[in-house]
Amino acid sequence: MRVNAYAAPAAGQPLAPIVIERREVGANDVLIEIQYAGICHSDIHTVNGDWGPQPFPVVPGHEIVGVVTEIGADVTRHSVGDRVGVGCMVNSCGECTNCRGGDEQYCQKGMVGTYAATDRDGTTTQGGYSTHVVVDADYVLSVPDGIDGAAAAPLLCAGITTYAPLRRWGAGPGKKVAVVGLGGLGHMAVKLAHAMGAEVTVLSQSLKKQEDGLRLGADDYYATSDPSTFEHLASRFDLIINTVSARIDLDAYLGLLAVDGTLVNVGAPPEPLSVNVFSLIGGRRSFAGSMIGGIALTQEMLDFCAEHELGAEVEVIAADQVNEAYERVLASDVRYRFVIDTSTLV
Ligand code: NAP
Ligand code: ZN
C-alpha cells in the first residue's frame, strides 16, 4: 500500500512530501487510518542528526491517533472502527525478562521504534506523519472515548514519558514535585502530577508562561534565569522531572532535592550532563533516567487521562506547516504540542 507522508530527506533538511510503502496487513497486524500525529522534540533531535546517523529519508511521528480500518486474521484486541493510538514502539521480542515484565521499551533485544528503526522483517520503520500505518496489534493502544483525538495524540509519548516516572517515584498527596521545562512533556507532567494529587512547581527559563502553568495545575512557578530561585527552593522537592531538551546545570537542580529525593531525567540532549557527586551524597539523593513506558502502563495512562478528563494542549497544524512548527519548538515557543492533522496529507 502506497501512502502519502512527510519526510526529512537528509539530516537537517526541511521535511517535504513523500510517498512510502506500508506492508501488507499480517495475521496479527492492524491497518490504521491516521487522524493526528503529534510533533515531539525527539522527532527534531532525530532528523537533525543530534542522536547520530539515521536511515534517511525519515518519516517522523510517534504520537499517533487514528481509526482501525482493517485487521489481520488473528487479531482479537482491536476491531475495525476502533479509535486507537500508537506511541514510540511498534514491536519488541516479547520473550525477554523486560518484555515479560511489561517493560517492552527496555527489551533486551532492543525495542523496534516507530520510525528510523529496523523492523523485525528487516525493513525500516516509518512514523506517523502519514495517512496510514500497519502495526502489530499488541503495540496498539485503545484511545478511550471522551478524549479529543488531537489532544490524545501527544499522550502516546509526552503523556506516558511523564506518567511513568511520576508513578514509579510515587507522585501523589504530600509529595512535592518540580517539573523542569514547560514544553510538550513538561505541560503533561504538570497536568498528570496535579491529577495524582502532588504539589507541583514549574521551573521554566522565564515567567512568560506562568499564567498557563498555574492554569495547567501548578501550585508554584519560578524562573530558573533568576539565581534566587535556587536559594529559595533549596532542598524542597521529593521528585524533579527534567524535561529539558538541552544541557542544564544538574548540580544546581540536584540542590533543590530534599534528602532521599530523586531527579529523573527524561530530556534527551545529545551532549553529556555532568554531576558533582557531592550534589548526590550530600542528601542521599538519586539521579535517574526513564524512557517512555510499557504497553500496559501506556493503556493505564490513557485510561487515567480519560477518568480525569486530561488531554494535551495542542495547536493543530496542516502538514505543510511542519518545518515552521519545528522552528517554534526549537525556540521554546510551543503551547504546548503541535499536532498534524494528517487529513492535510492529500
Ligand atoms: P519541548 O516541547 O521543546 O520542551 C522542552 C522545554 O525545555 C522547552 O519548552 C523549554 O521550556 C525547555 N528548554 C528548552 N531549551 C532549554 C535550554 N537551553 N535551557 C533550559 N530549558 C530549555 O520538547 P519535548 O517534546 O517536551 O521533549 C523534551 C525532551 O525530552 C527532548 O530532549 C526529547 O527528545 C526528550 N524525550 C524523551 C523521552 C523519553 O522517553 N525519555 C520521550 C520523549 C521526549 P521553558 O520554556 O519552560 O524553559
Ligand atoms: Zn516523543
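This briefing walks through a predicted model, from its domains to its zinc site, cores and a few single residues. The protein is divided into domain 1, made of 2–157 + 293–344, and domain 2, which covers 159–289. A zinc ion (ligand 2) is held by C40, H62 and C157, and a nonpolar core of 65 residues lies between the two domains because both give residues to it.

**Domains and annotation**

- The C-alpha centres of domain 1 and domain 2 lie 26 Å apart.
- Where the domains meet, the contact takes 25 residues from domain 1 and 24 residues from domain 2.
- The UniProt record, an unreviewed entry, carries the annotation "domain: Enoyl reductase (ER)" for residues 12–340.
- That annotated span is 25% helix and 25% strand, and its end C-alpha atoms lie 20 Å apart.

**Strand β3 and its partners**

- Strand β3 takes in residues 29–38, and seven of these ten residues are buried, leaving the strand mostly covered.
- With strand β4 (residues 64–71), β3 runs antiparallel and is joined by seven bridges; here L31 stands opposite E70.
- Five bridges connect β3 to strand β8 (residues 132–136), again in an antiparallel arrangement, and V30 has V135 of β8 as its bridge partner.
- Three bridges link β3 to strand β17 (residues 337–341), and this pair is antiparallel too; A37 stands opposite I340 in β17.

**The zinc site**

- The zinc ion (ligand 2) is coordinated through SG of C40, NE2 of H62 and SG of C157, at 2.0 to 2.2 Å.
- Along the sequence, these donor residues follow the spacing C-x21-H-x94-C.
- C40 sits in the loop between β3 and α1 (41–47), while H62 sits in the loop between α1 and β4, so the pair ties together parts that are 22 residues apart in sequence.
- C40 has a relative accessible area of 3% and is therefore buried, the cut-off being under 20%.
- H62 also counts as buried, because its relative accessibility is 7%.

**The nonpolar cores**

- As a general point, nonpolar side chains in soluble globular proteins tend to be buried together.
- In the largest nonpolar core, which has 65 residues, the members that touch the most other members are L155, L166, V190 and L192.
- Helix α5 (residues 184–195) gives the most to this core, contributing six residues.
- Domain 1 and domain 2 both supply residues to this core, which is why it lies between them.
- L192 shows what such a position looks like: leaving aside neighbours within four places in sequence, L192 is in contact with G159, T162, Y163, L166, F304, C305 and L310.
- A second, separate core has 26 residues, including V59, A116, I317 and Y326.

**Helix α4**

- Helix α4 (residues 158–168) is mostly covered, with nine of its eleven residues buried.
- The buried residues are A158, G159, I160, T161, T162, Y163, A164, P165 and L166.
- Just after α4, G170 takes a positive phi of about 70 degrees.

- H187 lies in helix α5 and counts as buried, because its relative accessibility is 0%.
- Beyond its neighbours within four places in sequence, H187 is in contact with L182, L216, A312, E313 and Y336.
- G294 is found in the loop between β15 (286–289) and α10.
- With a relative accessibility of 1%, G294 counts as buried.
- Not counting residues up to four places away in sequence, G294 touches G102, E104 and Q105.
- The C-alpha atoms of G294 and P227 are separated by 38 Å, and the two residues are 67 residues apart along the chain.

Methods:
Residues are numbered from 1 along each chain as its sequence is written. Chains are lettered from A and ligands numbered from 1 in the order in which they are written. This is a predicted model: local features need pLDDT of at least 70, side-chain atom pairs count only at pLDDT 80 or more; totals for chains, interfaces and linings use all residues. Side-chain values use heavy atoms; hydrogens and water are left out. Buried means under 20% relative accessible area, exposed over 50%, partly exposed in between (1.4 Å probe, protein chains only). Helices (H or I, at least four residues) and strands (E, at least two) are DSSP runs, numbered from the N terminus. Two strands pair if DSSP finds at least two bridges between them. Donors are N, O and S atoms within 2.8 Å of the metal (3.2 Å for Na, K and Ca); water is not among the atoms, so sites may look incomplete. A nonpolar core is a set of buried Ala, Val, Leu, Ile, Met, Phe, Trp, Tyr and Cys residues joined through side-chain atoms within 4.5 Å. Domain bounds come from an automatic or database domain assignment. Contact means heavy atoms within 4.5 Å. UniProt positions are given in the numbering used here, feature names are shortened, and annotations may be inferred rather than shown by experiment.
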